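Please open the model in a viewer and keep the selection panel at hand.

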Number of protein chains: 2
Amino acid sequence: MSDIKNIAVLGTGLMGAPMARRLLRAGFAVTVWNRSSAKAEALAADGAKVAASAAGAVQEADVVITMLDNGAVVTEVVFGQGVAEAMPEGAVLVDMSSIPPSVARDHATRLKQTGHHHLDAPVSGGTVGAAEGTLAIMAGGEEEIFQRIAPVFAAMGRPVRVGPSGAGQLSKLANQAIVGITIGAVAEALLLAEKGGADPGAVRQAIRGGFAESRILDVHGKRMVDREFIPGGKVTTQIKDMETILAAGAEVGLELPLSREVYRRYLDLRDRMGGGDLDHAALFLQIESGHTPVT
Amino acid sequence: MSDIKNIAVLGTGLMGAPMARRLLRAGFAVTVWNRSSAKAEALAADGAKVAASAAGAVQEADVVITMLDNGAVVTEVVFGQGVAEAMPEGAVLVDMSSIPPSVARDHATRLKQTGHHHLDAPVSGGTVGAAEGTLAIMAGGEEEIFQRIAPVFAAMGRPVRVGPSGAGQLSKLANQAIVGITIGAVAEALLLAEKGGADPGAVRQAIRGGFAESRILDVHGKRMVDREFIPGGKVTTQIKDMETILAAGAEVGLELPLSREVYRRYLDLRDRMGGGDLDHAALFLQIESGHTPVT
């Protein structure tokens, strides 16, 4: 079915570790590396080979998967720690981290110059999706390479090729924009109901099953009704996402008015209200406060 | 199971007619009236008694259901055409029209004075939900009256009592606010993907099943990908809803920044772009235009 045998996984944190386990269970030979080595060593019991360096991990890899914190870290590990040089000719780097589209495109260009392939393939679905192999995988890059990687993706979730290099990251940003704005939508709706004298929990129940239904109304709407904002996804992470979204919009001359309004209010929630570490559903508290941010 | 036998249905248009049919099929004796009488007469074949006037329709009714265009029409029919006077003492008016919460509360107060009960019980689910008896019914009013009407609601859909008088209408507004803002969210996301070089149809597929999933991403997202804006729900209707939402927010001192931004852009879509009769998913076109409304 495939000529892919050896996979290196660089970054075995909350997401990377269960993804590596899925690959091991699917029968791939997996070599793992992580900056803090204990997290990589924990995977030895599952059958992974543990490498002492990122460059050492990729020397025999057909496919290198990176699952790292942000664009700067991916750039540093791949091009600053000798990964690109150490990868066999023709090997594919599949970057499943969430990073800006422009950085992903730059990585693709640089890897082409060293005789390698690149897919940007960020995911949605969280640690549960990673453990169960049900991640939504949004892939950008050449169709032929996407097809070649199909068995690898199949072990981790449901891949869709959404376009050329950078398109996977754009898709992830589209996902995060919908999440942030829909949280705002549910917050305004439940606040309107509550201040007007309705029972917000009953309203949430009543409107599910209609056109207002969403995963956000289900999960984050419940957090708002319960006024329970333990994360989940943090406000600070949502702010980082909104900044990347607005920058990507500006690059293509696109104003994103709802994304911008949500961003301003998340900043106010973090900076004025001290809510940076709350779940992003806490946008509810900022809108409830009635404070209009100046910036 | 219930002492309710006779039901009058005032307003047998696109929604009222299939709702009356559900009641007939459930075994109630149904008398119908409609301003343009042909729409009422069409229900005779289903077993309905057709009344020549609204007041005539309600004379023996245990329950009067109104399904009319807006608050002014409900006020006119119930209090201007003698319905309140003609209703038997203790009968219940169930107003399933979508009208402002303050108007619904006023109706409840006035009916109490004439010895009647009132529930506001607007619905979501459209003509399909009405025909299949799967409407989301959002009811405001006294718990005891809500319980008494339960068998009537059961014939038409899934009722939830969301609070006192007016709460049903608030819930409907909450529903409509989520719908309008989420349309904006999906529009920004798909535009970002498209302008950045990704395939918006593939992006929509890729992000479904994650936290971005919603009925709006499903139905209205498809309209955006296909650039196909035949209604469905019209821009003009969404504008009317947003005006009621913002007015209800103002009544309780609540700023609704995302609702307001969406409203401004729908106005621009109608007034500058001539898109009033398009499906409300066409907010996509306004955001794509890059035009910032002045008001």
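How are H13(A) and H9(B) oriented to each other? Select helix H13 (residues 257-271) of chain A together with helix H9 (residues 167-195) of chain B: their axes come within 8 Å and cross at roughly 105 degrees. H13(A) and H9(B) are therefore roughly perpendicular to each other, a label given to angles of 65 to 115 degrees, whereas those under 35 count as roughly parallel, those over 145 as roughly antiparallel and the rest as oblique. Axes here are lines fitted to C-alpha atoms, for helices over the stretch in contact, and the angles run from 0 to 180 degrees between N-to-C directions. Helices (H or I, at least four residues) and strands (E, at least two) are DSSP runs, numbered from the N terminus.

This is a predicted model, in which local features need pLDDT of at least 70 and side-chain atom pairs count only at pLDDT 80 or more, while totals for chains, interfaces and linings use all residues. Residues are numbered from 1 along each chain as its sequence is written, chains are lettered from A and ligands numbered from 1 in the order in which they are written, and side-chain values use heavy atoms, with hydrogens and water left out.

**The helix crossing**

Now display the side chains at this crossing. Pro257(A), Leu258(A) and Ser259(A) in H13(A) meet Ile181(B), Gly184(B), Ala185(B) and Glu188(B) in H9(B), where contact means heavy atoms within 4.5 Å. The residues of this contact divide into 4 nonpolar, 2 polar and 1 charged. In this division Ala, Val, Leu, Ile, Met, Phe, Trp, Tyr, Cys and Pro count as nonpolar, Asp, Glu, Lys and Arg as charged, and the others, Gly among them, as polar.

**The two chains together**

A rotation of 180 degrees with 0.0 Å of shift along its axis superposes chain B on chain A, with an RMSD of 0.0 Å. That is the relation of a two-fold axis. The superposition is by least squares on the C-alpha atoms of residues with pLDDT of at least 70 in both copies. To locate the axis, select Ser214(B): of the residues of chain B, Ser214(B) comes closest to the rotation axis, at 2.0 Å (C-alpha). The same surface serves both copies, since 100% of the contact residues of chain B recur in chain A.

**Salt bridges**

- Select Asp106(A) and Arg110(A), whose closest N and O atoms are 3.9 Å apart in a salt bridge. Both residues lie in helix H6 (residues 101-113) of chain A, 4 residues apart, about one turn of the helix. Asp106(A) counts as partly exposed at 36% relative accessibility; the terms are buried for under 20% relative accessible area, exposed for over 50% and partly exposed in between (1.4 Å probe, protein chains only). Arg110(A), at 32%, is partly exposed.
- Move to Arg227(B) and Glu288(B), a salt bridge with its closest N and O atoms 2.5 Å apart. This pair links distant parts of the chain, 61 residues apart: Arg227(B) is in the loop between helix H11 (215-226) and helix H12 (235-251) of chain B, and Glu288(B) is in helix H14 (residues 283-289) of chain B.
- Select Asp271(B) and Arg270(B), whose side chains meet in a salt bridge (2.7 Å, N to O). Asp271(B) counts as exposed at 53% relative accessibility, and Arg270(B) as partly exposed at 31%.

Which residues of chain B does Ala206(A) touch? Select Ala206(A) in helix H10 (residues 200-207) of chain A. Ala206(A) touches Ala136(B), Met138(B), Arg158(B), Val160(B), Val162(B) and Ser171(B), not counting residues up to four places away in sequence. At 0% relative accessibility, Ala206(A) counts as buried.

His107(B), in helix H6 (residues 101-113) of chain B, counts as buried at 1% relative accessibility. Leaving aside neighbours within four places in sequence, the contacts of His107(B) include Gly71(B), Phe79(B), Asp95(B) and His118(B).

Finally, select Pro159(B) in strand S9 (residues 157-163) of chain B. Pro159(B) counts as partly exposed at 29% relative accessibility. Beyond residues up to four places away in sequence, Pro159(B) touches Ile137(B), Phe146(B) and Phe153(B).

Key:
Salt bridge = Lys/Arg side-chain N within 4 Å of Asp/Glu carboxyl O.
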